[in-house]
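Morning, everyone. Let me walk you through one chain and the side-chain contacts in it. Please have a look at the structure first.

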Amino acid sequence: MENGGTSTLRIRQVLLLFVLLGMSQARSQSGGFSLAEETQRGSFVGNLAKELGLEMGELFSRGARVVANDDKQRLQLDVNTGDLLLSEVLDREELCGSTEPCVLHFQVLMKNPVQFLQIELQVRDINDHSPVFLEKEMLLEIPENSPVGAVFLLESAKDLDVGINALKNYTISPNSHFHVKMRVNPDDRKYPELVLDKALDYEEQSELSFILTALDGGSPPRSGTASVRVVVVDINDNSPEFQQPFYEVKIPENSMLGSVVVTVSAWDLDSEKNGEISYTFSHASEEIRKTFEINQKSGEISLMAPLDFETIDSYSIIIQATDGGGLFGKSTVRIQVIDVNDNAPEIAVSSITSPIPENLPETVVMVFSIRDRDSGDNGRMICSIPEDLPFTLKSSVENYYTLETESPLDRESKAEYDITITVTDMGSPRLKTQHNITVLVSDVNDNAPAFTQTSYTLWVRENNSPALHIGSVSATDRDAGANAQLTYSLLPPQDPHLPLASLVSINADNGHLFALRSLDYEALQAFEFGVGATDRGSPALSSQARVRVLVLDANDNSPFVLYPLQNGSAPCTELVPRAAEAGYLVTKVVAVDGDSGQNAWLSYQLLKATEPGLFGVWPHNGEVRTARLLSERDAPKHRLLVQVRDNGEPPRSASVTLHVLLVDGFSQPYLPLPEAAAEQARADPLTVYLVVALASVSSLFLLSVLLFVGVRLCRRSRAASLGLCSVPEGPFPDNLVDVSGTGTLSQSYQYEVCLRGDTRTNEFKFLKPVIPNLPPQCPGKEIEENPTFHNTFGFNIQ
């Protein structure tokens, strides 16, 4: 750029110098070229050498250069060929404006000799611009009484092109009131004019709009448009008129307050004040004025109070439109309220029965009706209850239902039902109402009492206090109320000899059993009876159970000594030969205990002896034996005190006194007379009774002891001393009982005692063992005597 500016400056300086110094010697020539505007850069303009008539190469040799008046290089010269080329795109409107023709002047400077040539470049116009209106919208106010043919001036359009491409004509969009014509001013400017073809009527058409189009003469022609709005100026001569004489609108009843219900519209063919309209209600009721409000300017009718389809389903309103001149028009608006599902169904209970008896099918529980204040589908309803309940709904007359049992109920399975009755309408959205009832099932006596056990076992210790509570029986009844109230009773015993009424009693209310008197294990060890439970229903139902009472033994009996007898008469004296060895069986204390178990386990103990250490008592069987060999120095008479003790808690005991006589041999004088013994036995019948009773229990034990002693005596020396012993008169019973299970003797000690008291010289079979499968030898049968041992008193000892 700097190099170009410097060259230009130098050229101008040289040119000025040549002009001043050699003007007279230079020869001047001119040439002209033509080019359309907007031609592309580098386009060929013309051949300068040919235009100027110069030889080929002369422009190069003379240093030809093209210079513009405004110093802008719009043309470029090829000095080798002489061609002029376009350096930039030319815009005719920018270069020349509205001047026509548009000619650009250039100078060609050559040296040797200096020569200044003038060339012209004419830029031809092309139609590259459209007519343009300075105002896109034109407003004309024309009174409605303007005469036909009146002319109204419009704004003209401007086109930058010239010549044939310049603005040529105006047109207007088709309409029935105006046409346009073009006027040419003396300055050759073209203006459009609007000409009224048809009289205007404000009431018919207060405003007209159309499009004004300006066209140029180019090919193809270009155009520009503007909007023309004609406002007809009114004169007051018309009353307001509504668009519709009758408006009908539907509005939901749940519309929001303040919402626009409808907009009424009236027009007045007049304008300005005479055309200003205000809207009011005409002859409206108080209900309408409270519910609706109308905007006096816009005609909007708004909702001011809630609507209720169920109360008022439609409104009819007269609307009055009044203009500024006092003229008015009327229209009627009918507002139809549309029902919406805004009311839930309602349930009205007519009757209800609760409780209801069980076991009865199709029992009516409840009678009720349903209703919905809505209409259509919104008022259609469906009534239902849960499916898992033994109830059903039955429809009777319109909207009336009965709730009934579907099958017999069982109170014992479920005594109470919570039923939810649901009523749903068919609206959108669906609304529902629920009603909850509780149905109680009353009891029917359909269940017999049931004991908790079919049999009961009770234990009671003997010697109990009377009225002792010994246990309880319990029964349940699945029924309720009086049907479940039980009464307990004793059933007649199966054993007619069992005095049940004197043994136990039962509390009729709670089943507690009581012993009426003191029980004795030795008299009654167990007894069984039946109990019954009867409810108070109608008819009454009952059930039975068995009760077994076991009497537990208590240590209430002291040991009783069977042998030797302790009847207060002359004591029994045991004879012991002085030749007896240590361990010699002197006698055996035989005792029994009326108790059982460990209370009857007996132990023996020597409490006192005349000469300690001479005799001993075995603790488990009561055998009295010599502890050592007898000597001559031992006293002939000995007194032993033996205690018999049971194993009860607390323990009980009895004592017996034994008289032992040490003899050298047996003799008659030591034995008492039989008459004396018989008198003694008759004198004490109670003792005899006890002896006989106890002997029936322990006879086998006594028999075993006697037999054992007899065998031992037979093995000893046949020499024996005589002794005295009192023997009760009369025979013992021959039915002997084994007491090994409850006494202290083992199974091996079984004895048979046979006594005969018919003569003074009685025979005494002593300590003979019982041999299995052999009959015992008793009085009345042949008795084998031992010839080696027979005394004057008739004792035969084997």
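The chain has eight helices and 54 strands. Keep in mind that this is a predicted model. Of its 798 residues, 41% are buried. Now the contacts between residues at least 6 apart in sequence: 68% of them join residues at least 24 apart. The accessible surface is about 42,700 Å². Carbon and sulfur atoms hold 52% of that surface.

Let's take the aromatics. How many aromatic pairs does a search of the whole structure find? Nine. One of them is Phe178 with Phe210. Their ring centres are 6.0 Å apart, and the planes sit at 40°, so this pair is tilted. Where are the two residues in the chain? Phe178 is in strand β13, residues 178–184. Phe210 is in strand β15, residues 207–216. The pair therefore ties together parts that are 32 residues apart in sequence. Both Phe178 and Phe210 are buried.

Next, Phe242 and Tyr279. This aromatic pair is tilted too, with 6.1 Å from centre to centre and 55° between the planes. Phe242 belongs to strand β17, residues 240–242. Tyr279 belongs to strand β21, residues 277–282. So here the pair ties together parts 37 residues apart in sequence. Buried or exposed, Phe242? Buried, at a relative accessible area of 9%. Tyr279 is at 5% relative accessibility, so that residue counts as buried as well. The cut-off for buried is under 20%.

Phe451, Tyr456 and Tyr488 make up one aromatic cluster. And if you find Trp618 on your screen, look over its face. Arg625 lies there, 4.7 Å from the ring centre.

On to charges. The whole structure gives 18 salt bridges.

First pair on my list: Glu88 and Arg74. Their side chains meet in a salt bridge, N to O 3.6 Å. Both residues are in loops. Glu88 is in the loop between β5 (83–86) and α4 (92–96). Arg74 is in the loop between β3 (65–68) and β4 (75–77). The pair links distant parts of the chain, 14 residues apart. How covered is each partner? Glu88 is partly exposed, with a relative accessible area of 34%. Arg74 is at 6% relative accessibility and so counts as buried.

Then Asp443 and Arg411. Their salt bridge has an N to O distance of 3.0 Å. Again, loops on both sides. Asp443 is in the loop between β33 (432–442) and β34 (450–451). Arg411 is in the loop between β31 (400–405) and β32 (416–425). These distant parts of the chain are 32 residues apart. Asp443 and Arg411 are both buried.

Which residue forms a salt bridge with Arg548? Glu528, with the closest N and O atoms 3.9 Å apart. The cut-off for a salt bridge is within 4 Å. This pair runs between strands. Arg548 is in strand β42, residues 542–552. Glu528 is in strand β41, residues 526–535. They are 20 residues apart, and the pair links distant parts of the chain. Arg548 is partly exposed, with a relative accessible area of 36%. Glu528, at 36% relative accessibility, counts as partly exposed too.

Last topic, the cysteines. A disulfide is a covalent bond between the sulfur atoms of two cysteines. The count here comes to one disulfide. Cys96 is joined to Cys102, with S to S at 1.6 Å. The angle about the S-S bond is 60°, and the link of Cys96 and Cys102 is right-handed. Both Cys96 and Cys102 are buried. What about Cys383? At 15% relative accessibility, Cys383 counts as buried.

To recap, for your notes. Nine aromatic pairs. 18 salt bridges. Thanks, everyone.

Technical notes. Residues are numbered from 1 along each chain as its sequence is written. This is a predicted model: local features need pLDDT of at least 70, side-chain atom pairs count only at pLDDT 80 or more; totals for chains, interfaces and linings use all residues. Side-chain values use heavy atoms; hydrogens and water are left out. Rings of Phe, Tyr and Trp (its six-membered ring) pair if their centres lie within 6.5 Å; planes under 30 degrees apart count as stacked, over 60 as edge-to-face and the rest as tilted. Helices (H or I, at least four residues) and strands (E, at least two) are DSSP runs, numbered from the N terminus. Buried means under 20% relative accessible area, exposed over 50%, partly exposed in between (1.4 Å probe, protein chains only). A charge sits over a ring if NZ of Lys or CZ of Arg is within 6 Å of the ring centre and within 35 degrees of the ring normal. A disulfide is a pair of cysteine sulfur atoms within 2.5 Å. Contact means heavy atoms within 4.5 Å. Accessible areas come from the Shrake-Rupley method with a 1.4 Å probe; for residues, only the protein chains shown count as cover.
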